[in-house]
Amino acid sequence: MKVFDRFHVYLWNGRDNNCNSCLFAGVLPGGRHVLVDPGHILTPSTGEPALERLLAEIGRDGLDPSAIDLVILTHGHPDHVEGAVELRRLGAKVAMHREDEAIFRRLGGEVDLYLQDGTLELGAECRLEVLHSPGHSPGHVTLYWPERKVLVAGDCVFYRSTGRTDFPGGSPDQLFSSIGRMAALDVEELLCGHPYGHSGFLRGREEVRENFEYILRYL
Ligand SMILES: [Zn+2]
(Lines give C-alpha, C1' and ligand atoms only; values in the text may rest on other atoms or scores of the structure.)
Protein backbone atom coordinates (compact mmCIF):
# COMPACT_ATOMS: atom_id res chain seq x y z
CA MET A 1 0.00 0.00 0.00
CA LYS A 2 1.34 3.40 -0.99
CA VAL A 3 1.29 5.82 1.94
CA PHE A 4 2.79 8.66 -0.04
CA ASP A 5 5.48 9.11 -2.68
CA ARG A 6 8.54 7.06 -1.77
CA PHE A 7 6.91 5.23 1.15
CA HIS A 8 4.85 2.04 0.96
CA VAL A 9 3.82 -0.26 3.81
CA TYR A 10 2.91 -3.94 3.62
CA LEU A 11 0.86 -5.06 6.59
CA TRP A 12 0.87 -8.78 7.26
CA ASN A 13 -2.63 -10.23 7.36
CA GLY A 14 -2.01 -13.97 7.15
CA ARG A 15 -3.00 -16.52 9.79
CA ASP A 16 0.50 -17.35 11.01
CA ASN A 17 3.11 -15.11 12.63
CA ASN A 18 5.03 -12.81 10.31
CA CYS A 19 6.18 -9.18 10.35
CA ASN A 20 5.00 -5.97 8.73
CA SER A 21 7.30 -4.62 6.02
CA CYS A 22 7.84 -1.29 4.31
CA LEU A 23 9.52 -0.02 1.19
CA PHE A 24 11.34 3.22 0.46
CA ALA A 25 10.47 3.29 -3.22
CA GLY A 26 12.84 4.59 -5.86
CA VAL A 27 15.07 6.41 -3.37
CA LEU A 28 18.36 4.82 -4.41
CA PRO A 29 20.27 5.97 -7.50
CA GLY A 30 18.60 4.69 -10.64
CA GLY A 31 15.20 4.57 -8.93
CA ARG A 32 16.00 1.38 -7.03
CA HIS A 33 14.20 0.41 -3.80
CA VAL A 34 14.98 -0.23 -0.14
CA LEU A 35 12.92 -2.89 1.64
CA VAL A 36 12.73 -3.06 5.44
CA ASP A 37 12.11 -6.43 7.17
CA PRO A 38 11.04 -8.85 4.43
CA GLY A 39 9.83 -11.40 7.02
CA HIS A 40 9.53 -15.13 6.56
CA ILE A 41 9.91 -16.93 3.23
CA LEU A 42 7.30 -19.47 4.37
CA THR A 43 5.51 -19.00 7.68
CA PRO A 44 6.55 -21.64 10.24
CA SER A 45 3.22 -23.25 11.19
CA THR A 46 0.96 -22.91 8.18
CA GLY A 47 3.57 -22.59 5.41
CA GLU A 48 2.02 -19.47 3.91
CA PRO A 49 4.24 -18.13 1.07
CA ALA A 50 4.93 -14.85 2.84
CA LEU A 51 7.82 -13.57 0.71
CA GLU A 52 6.09 -14.43 -2.54
CA ARG A 53 3.00 -12.57 -1.32
CA LEU A 54 5.03 -9.53 -0.28
CA LEU A 55 6.80 -9.31 -3.64
CA ALA A 56 3.47 -9.71 -5.46
CA GLU A 57 1.97 -6.87 -3.39
CA ILE A 58 4.93 -4.65 -4.25
CA GLY A 59 4.30 -5.48 -7.90
CA ARG A 60 0.61 -4.56 -7.53
CA ASP A 61 1.73 -1.13 -6.30
CA GLY A 62 3.34 -0.68 -9.72
CA LEU A 63 6.89 -1.24 -8.46
CA ASP A 64 9.39 -3.76 -9.75
CA PRO A 65 10.34 -6.15 -6.91
CA SER A 66 13.53 -7.07 -8.73
CA ALA A 67 14.65 -3.45 -8.27
CA ILE A 68 15.14 -3.98 -4.51
CA ASP A 69 18.84 -3.23 -4.08
CA LEU A 70 19.02 -2.91 -0.31
CA VAL A 71 17.30 -4.75 2.53
CA ILE A 72 17.40 -3.17 5.99
CA LEU A 73 16.75 -5.43 8.97
CA THR A 74 15.47 -3.88 12.19
CA HIS A 75 16.82 -6.91 14.04
CA GLY A 76 17.90 -10.49 13.53
CA HIS A 77 14.85 -12.58 14.49
CA PRO A 78 13.79 -15.12 11.83
CA ASP A 79 10.30 -13.67 11.39
CA HIS A 80 11.91 -10.45 10.11
CA VAL A 81 15.00 -11.64 8.26
CA GLU A 82 14.45 -14.98 6.57
CA GLY A 83 13.37 -13.35 3.30
CA ALA A 84 16.59 -11.30 3.30
CA VAL A 85 18.63 -14.48 2.82
CA GLU A 86 16.72 -15.12 -0.41
CA LEU A 87 16.75 -11.48 -1.58
CA ARG A 88 20.51 -11.34 -1.04
CA ARG A 89 20.90 -14.49 -3.13
CA LEU A 90 19.04 -12.57 -5.86
CA GLY A 91 21.52 -9.66 -5.63
CA ALA A 92 20.30 -7.26 -2.91
CA LYS A 93 22.65 -5.99 -0.21
CA VAL A 94 21.71 -6.41 3.46
CA ALA A 95 22.16 -3.83 6.24
CA MET A 96 21.73 -4.42 9.97
CA HIS A 97 23.35 -3.76 13.34
CA ARG A 98 26.42 -5.85 14.11
CA GLU A 99 25.03 -7.06 17.45
CA ASP A 100 22.24 -9.05 15.76
CA GLU A 101 24.39 -10.42 12.97
CA ALA A 102 24.98 -13.86 14.55
CA ILE A 103 21.30 -14.85 14.38
CA PHE A 104 21.08 -13.80 10.72
CA ARG A 105 24.24 -15.74 9.86
CA ARG A 106 22.84 -18.89 11.45
CA LEU A 107 20.00 -18.67 8.92
CA GLY A 108 22.51 -18.45 6.08
CA GLY A 109 22.59 -14.67 5.74
CA GLU A 110 25.51 -12.30 5.30
CA VAL A 111 25.69 -8.61 6.11
CA ASP A 112 27.00 -6.04 3.62
CA LEU A 113 26.56 -2.86 5.65
CA TYR A 114 26.53 -2.37 9.42
CA LEU A 115 24.07 0.12 10.87
CA GLN A 116 24.69 2.22 13.94
CA ASP A 117 23.31 5.40 15.50
CA GLY A 118 23.47 8.21 12.95
CA THR A 119 22.31 9.30 9.53
CA LEU A 120 21.82 6.79 6.72
CA GLU A 121 21.63 8.63 3.44
CA LEU A 122 19.74 6.45 0.97
CA GLY A 123 19.70 9.14 -1.74
CA ALA A 124 19.17 12.85 -2.18
CA GLU A 125 15.48 12.49 -1.28
CA CYS A 126 15.69 10.15 1.67
CA ARG A 127 17.89 10.61 4.70
CA LEU A 128 17.03 8.31 7.59
CA GLU A 129 18.10 8.59 11.19
CA VAL A 130 19.13 5.19 12.51
CA LEU A 131 18.48 4.76 16.24
CA HIS A 132 20.17 1.86 17.96
CA SER A 133 17.21 0.64 20.06
CA PRO A 134 18.23 -2.39 22.15
CA GLY A 135 15.92 -4.20 24.54
CA HIS A 136 13.96 -6.62 22.34
CA SER A 137 17.30 -7.74 20.90
CA PRO A 138 20.80 -6.28 21.43
CA GLY A 139 21.20 -5.06 17.86
CA HIS A 140 17.70 -3.73 17.21
CA VAL A 141 17.51 -0.50 15.21
CA THR A 142 14.60 1.79 14.45
CA LEU A 143 14.44 4.08 11.44
CA TYR A 144 13.24 7.67 11.55
CA TRP A 145 12.61 9.77 8.45
CA PRO A 146 12.45 13.32 9.86
CA GLU A 147 11.32 14.98 6.65
CA ARG A 148 8.17 12.84 6.48
CA LYS A 149 7.83 12.15 10.22
CA VAL A 150 7.86 8.40 9.67
CA LEU A 151 9.11 5.97 12.33
CA VAL A 152 9.71 2.30 11.55
CA ALA A 153 9.75 0.81 15.04
CA GLY A 154 10.31 -2.91 14.44
CA ASP A 155 9.56 -4.95 17.56
CA CYS A 156 10.04 -2.14 20.11
CA VAL A 157 6.45 -0.92 20.24
CA PHE A 158 3.12 -2.29 19.10
CA TYR A 159 -0.41 -1.00 19.46
CA ARG A 160 -0.81 -0.61 23.26
CA SER A 161 2.05 -3.03 23.90
CA THR A 162 5.79 -3.53 23.55
CA GLY A 163 8.13 -6.15 22.15
CA ARG A 164 9.12 -9.14 24.27
CA THR A 165 12.31 -8.97 26.30
CA ASP A 166 12.65 -12.67 27.14
CA PHE A 167 14.71 -13.61 24.08
CA PRO A 168 18.52 -13.96 24.39
CA GLY A 169 20.06 -10.52 24.91
CA GLY A 170 16.70 -8.92 25.76
CA SER A 171 16.41 -6.31 28.51
CA PRO A 172 13.27 -4.53 29.80
CA ASP A 173 15.33 -1.57 31.07
CA GLN A 174 17.01 -1.10 27.71
CA LEU A 175 13.70 -1.47 25.88
CA PHE A 176 12.07 1.28 27.94
CA SER A 177 14.96 3.66 27.43
CA SER A 178 14.82 2.92 23.67
CA ILE A 179 11.07 3.61 23.68
CA GLY A 180 11.61 6.84 25.63
CA ARG A 181 13.95 8.03 22.92
CA MET A 182 11.41 7.22 20.19
CA ALA A 183 8.57 8.89 22.09
CA ALA A 184 10.50 12.18 21.97
CA LEU A 185 10.48 12.24 18.15
CA ASP A 186 7.92 14.09 16.07
CA VAL A 187 6.09 11.15 14.43
CA GLU A 188 2.98 11.12 12.26
CA GLU A 189 3.30 7.62 10.75
CA LEU A 190 4.35 4.77 13.04
CA LEU A 191 4.93 1.32 11.61
CA CYS A 192 5.13 -1.46 14.20
CA GLY A 193 6.78 -4.80 13.50
CA HIS A 194 3.63 -6.90 13.81
CA PRO A 195 -0.15 -6.59 13.49
CA TYR A 196 -0.93 -7.43 17.13
CA GLY A 197 -4.55 -6.48 17.86
CA HIS A 198 -4.31 -3.75 15.23
CA SER A 199 -2.80 -3.43 11.75
CA GLY A 200 0.36 -2.13 13.42
CA PHE A 201 0.32 1.05 11.35
CA LEU A 202 -0.59 4.08 13.47
CA ARG A 203 -1.43 7.24 11.59
CA GLY A 204 -1.55 10.80 12.80
CA ARG A 205 0.42 12.58 15.50
CA GLU A 206 -2.38 12.15 18.09
CA GLU A 207 -2.72 8.39 17.66
CA VAL A 208 1.04 7.95 17.83
CA ARG A 209 1.40 10.16 20.90
CA GLU A 210 -1.46 8.38 22.73
CA ASN A 211 0.13 5.02 22.05
CA PHE A 212 3.52 6.09 23.45
CA GLU A 213 1.81 7.66 26.47
CA TYR A 214 -0.14 4.46 27.15
CA ILE A 215 3.01 2.33 26.93
CA LEU A 216 5.14 4.61 29.08
CA ARG A 217 2.39 5.04 31.69
CA TYR A 218 0.83 1.58 32.01
CA LEU A 219 3.38 -1.02 30.88
ZN1 LIG B 1 11.70 -9.89 17.09
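**Close-up views of a predicted chain**

**View 1. The whole chain, a predicted model.** Among contacts between residues at least 6 apart in sequence, 55% join residues at least 24 apart; two residues are in contact if their C-beta atoms, placed from the backbone, lie within 7 Å. The model is predicted: local features need pLDDT of at least 70, side-chain atom pairs count only at pLDDT 80 or more, and totals for chains, interfaces and linings use all residues. Residues are numbered from 1 along each chain as its sequence is written. The chain has 5 helices and 15 strands, which are DSSP runs (helices H or I, at least four residues; strands E, at least two) numbered from the N terminus. Its radius of gyration, taken over C-alpha atoms, is 16 Å, close to the 17 Å that the globule rule gives for 219 residues, so the chain is as compact as a globular protein of that length. That rule is 2.2 Å times the number of residues to the power 0.38. Buried residues make up 45% of the 219 residues. A residue is buried if 20 or more other C-beta atoms lie within 10 Å of its own, exposed if 12 or fewer, and partly exposed in between, with C-beta atoms placed from the backbone.

**View 2. The open sheet of 7 strands.** The strand order is β1-β2-β3-β4-β5-β6-β7, with mixed pairing. Two strands pair if DSSP finds at least two bridges between them. β1 (2-4) and β7 (113-115) stand at the edges, each with a single partner strand, so one side of each is left without a neighbour in the sheet. β2 and β3 pair in the antiparallel sense over 4 bridges, and V9 stands opposite C22 in β3.

**View 3. R15 in the loop between β2 and β3.** R15 lies in the loop between β2 (7-10) and β3 (21-28). R15 is exposed, with 9 other C-beta atoms within 10 Å. Beyond its neighbours within four places in sequence, R15 is in contact with T46 and E48. The C-alpha atoms of R15 and G47 are separated by 10.0 Å, although these residues are 32 apart along the chain.

**View 4. Strand β5 and its two neighbours.** In β5 (residues 68-72), 4 of the 5 residues are buried. β5 runs parallel to β4 (residues 32-36), joined by 4 bridges, and parallel to β6 (residues 93-97), joined by 3 bridges. I72 of β5 is the bridge partner of V36 and stands opposite A95 in β6. β4, helix α1 (residues 50-60) and β5 make a right-handed β-α-β unit; right-handed means that, with the strands pointing away from the viewer, the path from the first strand over the helix to the second runs clockwise. A right-handed β-α-β unit is also made by β5, helix α2 (residues 78-89) and β6.

**View 5. Strand β11 and its partners.** In β11 (residues 150-154), 5 of the 5 residues are buried, so the strand is largely enclosed by the rest of the structure. V150, V152 and G154 point one way from β11, while L151 and A153 point the other way. β10 (residues 141-145) runs antiparallel to β11, with 3 bridges, and L143 stands opposite V152. In their hairpin, which has 4 residues between the strands, K149 takes a positive phi near 55°. β11 also pairs with β14 (residues 189-192) in the parallel sense over 4 bridges, where C192 is the bridge partner of G154.
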